[in-house]
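Subject: Structure handover

Hi,

Here is the structure I promised to pass on. Please open it alongside this note, and my findings follow below.

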Amino acid sequence: LHLLSRRQRQMCIRDRNKTKFWSAILNWPNDEEQQSLVSAWLLSSERIEDDQVSWLNDHFEFIESFRACCDDEKCFDLIKSCQFKSLNNNDSKLLDLVIQNNLYLINLENLSVICKHLNVSSMSLTSVRSTNHDVFISNVEKNIGVTAPILFDSNDKNESPESIVFILSNPDIDLQWKTTYLTGQKNLINDVNLVDASWIDLAYQTFLISPCWENVLHYFHREKYDEKILNDYINHYHVELAEQDSPNESDDYLDLFTYLLINTKLPLNVYKAIISSFTYVVDGNNLNGLDDERLLFLLDTEKLPFNHQNSSLLKSTSIYSKYLTKNIGEFLQSDDFSTFLNTEAMKDLLPSNSLTIVQKKRIISEAPESLLEDSDVADVALTEIVKTQDFDGIEPSTIKTILISSKNQRNRLLGFTHSIPKLTKNDCELILSSLGKEYKELVSNGAAKISINRQNEDLLKALKKHKQIPLTYKKQGQIWRIELTK
């Protein structure tokens, strides 16, 4: 067969029709004889043509048997132009030769055979690199756009940081596959500067950057950062970030603090978790966008110190009274603290158990008259005064305004009774006239009939005792008959 093959080959050379002869071999009806003809052809050839290379690419198993007929040099000359489609691991020495010279097509079957041969522990770039087989590693990396999707296991999340950077930054890999594969990797990139700028967004989006405030700041300072990516990254790693020491105090971190905590971009639980990482306080920042719960949390965590700017910003919020109460010492020490008062604050502060009676009397004394003319404010102010029956330190004009403005009749009678010594005759007449029809009649006509009860009796006794309004009174059935005297 060898001689026949050679004679026919010589004829083909003479007839310049090698293709015709090779086709005759491929169409030979007997498989065993065909293998012998192919072997003879290849052994006698000084060089093989494209048709033979193409056939060999499909018949790696033929090379395994053919090696018994030739030396290694001849075998290599024969296959050096091949790209085998389907490798196997039957002949380790042959497979080493194929791997070392990249004589295979990149497909799942071939890569799997090679990985098994090289004892690759798992299907990942890190495991491929662990083989230390430079040629195979280089071939995988050079063709990473093809090798990664067909070889690497997306459920294996143990790529090294170096491998992650390589995969992340390679433009040949399909973006969707890359995103899926990299998301959830256990090892993270500590040095964000290792990542090419064009892939920074994806690195943060897939949470590949190690969580620390320096890396948060790095992304925040990008010229065109994506707010959603930044917020999602912080949300994803908020537990780790919250456990870290406070960032260095600098304008850079102050900008980040303002961005994160003076708005509602983050979920409330994340907001509360990370706030302890910052030593800054809110000082004149615009708080309009914050909901009441965040404002209250800022207050509870000592992030809202008392000052003019914060007071002005918080004055229209629901936590303003709590803000004043928490900072009551500084608030009352302010020379112009009365300017910080408003109706709601007065109604909340005066009944508060957090304030002493001295502090409450100070607030009442310094409050603008316009606030005390509000009946609700006057009611709470009068209630606090009546509790102690102590009007010391409160100006007569303030007492008069409160007594006239309040709608609480019982407290008005009690308050007036105890404050008579501090009031002028004119003040007393004005207050009496405001207490109801009977008292107004007394002031206007010099006489009146008033129901007998404890409050009225105490008031009449006080008026008679202190003589601001001289009068006499006596019982007449179920009423007091009162007359003014000169």
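Let me start with asparagine 89. Asparagine 89 counts as partly exposed, because its relative accessibility is 32%, which falls between the 20% limit for buried and the 50% limit for exposed. Bear in mind that this is a predicted model.

Where does asparagine 89 sit? You will find asparagine 89 in the loop between α6 (72–79) and α7 (92–100). Leaving aside residues up to four places away in sequence, asparagine 89 touches Leu95, Val113 and His117. With histidine 117 there is a polar contact: the two side chains are joined at 3.1 Å. Isoleucine 114 is 25 residues from asparagine 89 in sequence. In space, their C-alpha atoms are 8.0 Å apart.

Next, the cysteines. Cysteine 115 is buried, because its relative accessible area is 1% and the limit for buried is under 20%. Cysteine 428 is buried too, with a relative accessible area of 0%. A search of the whole structure for disulfides finds 0.

Now the sheet. It is open and has 3 strands, in the order β1-β3-β2, with antiparallel pairing. β1 (447–451) and β2 (471–476) stand at the edges. Each has a single partner strand, so one side of each is left without a neighbour in the sheet. From one strand to the next, the twist averages 25°.

What holds such strands together? Strands of a sheet pair through backbone hydrogen bonds, in either the parallel or the antiparallel sense.

Here is the pairing, strand by strand:

- β2 and β3 (residues 479–484) run antiparallel and are joined by 6 bridges. Lysine 474 stands opposite arginine 481 in β3.
- β1 and β3 are also antiparallel, over 5 bridges. Serine 451 has isoleucine 479 in β3 as its bridge partner.

Which residues of β1 are on its covered face? Ala448 and Ile450 are. The uncovered face of β1 has Ala447, Lys449 and Ser451. In a regular strand, side chains alternate between the two faces of the sheet.

Helix α31 (residues 437–445) lies across β1 and β3, and runs at about 165° to β1. Helix α32 (residues 454–466) lies across β1, β2 and β3. Its angle to β2 is about 150°.

Best wishes

Methods:
Residues are numbered from 1 along each chain as its sequence is written. This is a predicted model: local features need pLDDT of at least 70, side-chain atom pairs count only at pLDDT 80 or more; totals for chains, interfaces and linings use all residues. Side-chain values use heavy atoms; hydrogens and water are left out. Helices (H or I, at least four residues) and strands (E, at least two) are DSSP runs, numbered from the N terminus. Buried means under 20% relative accessible area, exposed over 50%, partly exposed in between (1.4 Å probe, protein chains only). Contact means heavy atoms within 4.5 Å. A polar contact is a pair of N or O atoms within 3.5 Å; within protein, one must be able to donate a hydrogen and the other to accept it, and residues adjacent in sequence count only if both atoms are side-chain atoms. Two strands pair if DSSP finds at least two bridges between them. Axes are lines fitted to C-alpha atoms, for helices over the stretch in contact, and angles run from 0 to 180 degrees between N-to-C directions. A disulfide is a pair of cysteine sulfur atoms within 2.5 Å.
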